[in-house]
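Q: Could you zoom in on one helix for me? I'd like to know how it sits among its neighbours, residue by residue.

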Amino acid sequence: MAGSPFRSPTLRALRPLGFGADPGGERMARIRRSPHFADGVFQNPGGPARTRPSGSARDFAKVYFDKDSRTRRAPQGHIPVHPTTLADISRPPASGLRLTWTGHSSVLAEIDGHRVLFDPVWGERCSPFPFAGPRRLHPAPLPLAALGPVDVVVISHDHYDHLDLPTIRALAGTDTLFAVPLGVGAHLERWGVPADRLRELDWHGSTTVGGLTLTATPARHFCGRGLRNTQHTLWASWVVTGGEHRIYHSGDTGYFDGFAEIGAAHGPFDATMIQVGAYSEFWPDIHMTPEEGVRSHLDLQGGAPAGVLLPIHWGTFNLAPHPWAEPGEWMRDAAGEAGQAVAFPRPGEPFEPAGRLPGEPWWRAVSGPVAHPWRKSRSTGDVAGTSKGDLDLAGER
């Protein structure tokens, strides 16, 4: 690839395996033909998005390395992981749809007789190196091999907390297919996934796996794993449609008006899996707050509460300055105010969106006090669905 620091075979051989591979050949030619690729990079919907922290580095460092802030960014005890067993996920879901959040953005979706695994990360760190980078705050609820056969693995983009080298290498030894955004297949092929098991899609492209249709849909984010960010691999959200059910996985994204368009084309959804953690005022274009997450879900559902929202991308890794438990608290308030059904499973706890939803605020048992700055504009009593007991347990000050 022109301009790549790894053009020669010698330099390419020295590249850490965790960095993956740059697209080349016909793959790169296909990327250049994409209507979403211009000026040498993939473009975001809604115009350019800031992919680096805004403001001064000094201000960001002051917030990120503040002693009190660092303490609040981790749980104060062991996260209550559900001891998932094969029995939990071996019998078919009575309703035809069951979701198991295993932490961060990893979800096993059992839908209409098929099994879809989104953004599986079983590694100890989201990093190219086993000795550095953010570590898991809780163990994986069960070994990867204990999941049983998976029909298709869906990847939203190539960041380390979504595309995990040890997990992909383990799955490469199975018969599963991989549905990935355009360009991401280069990483997987370097890690041992045969080309004939890849379904590599541009936005609005679809593929079928058994009785399912998987469609890559737009998101507002960015990509990159190596020493420099070439923006040569696409990022995506995903729609999975079965004979009876429809689900949506947001991947990582900032809020944008495209959610309504996705909902109009593919919804409404029985369940959405929406990124609501690792947000910050330093990068508002590429991650959503819980309030924006609820808004995106409503957009996807045609503007009114419907289906079930599963918050993802929180609780497992420390990736932003906000308190560890804040996404859970904020989501309870935002969803309650909107009248939207939301599920709060412990990592590894299966549930059926059509059945009883897990709703206990389990994080409170291992969290320090959480301030609620989003409530400043209204009185405590105006927060729908939140009792006085909730406020006390949350450590409101």
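A: Let's start with a term: a residue is buried when its relative accessible area is under 20%, exposed when over 50%, and partly exposed in between (1.4 Å probe, protein chains only). Helices here are DSSP runs of H or I with at least four residues, strands are E runs of at least two, and both are numbered from the N terminus.

Keep in mind that this is a predicted model, where local features need pLDDT of at least 70, side-chain atom pairs count only at pLDDT 80 or more, and totals for chains, interfaces and linings use all residues. Residues are numbered from 1 along each chain as its sequence is written, and side-chain values use heavy atoms, leaving out hydrogens and water.

The helix to look at is α9, which covers residues 290-300. It's mostly tucked away, with 9 of its 11 residues buried. Walking along α9, you'll find Pro290, Glu292, Gly293, Val294 and Ser296 among the buried ones; His297, Leu298, Asp299 and Leu300 are on that list too.

Now for α8, residues 258-266. Its axis comes within 7 Å of the α9 axis, and the two cross at roughly 35 degrees (axes are lines fitted to C-alpha atoms over the stretch in contact, with angles from 0 to 180 degrees between N-to-C directions). The α8/α9 crossing is right-handed, that is, the near helix is turned clockwise from the far one by less than a right angle.

At the contact itself, α8 brings Phe259, Ala260, Ile262 and Gly263, while α9 answers with Ser296, Asp299 and Leu300. That contact splits into 4 nonpolar residues, 2 polar and 1 charged.

His266 counts as buried because its relative accessibility is 18%. Leaving aside residues up to four places away in sequence, His266 touches Thr215, Thr217, Val239 and Arg246.

One last stop: follow the chain just past α9 and you get to Gly302, which takes a positive phi of about 90 degrees.

Methods. Contact = heavy atoms within 4.5 Å. Nonpolar A, V, L, I, M, F, W, Y, C, P; charged D, E, K, R; others polar.
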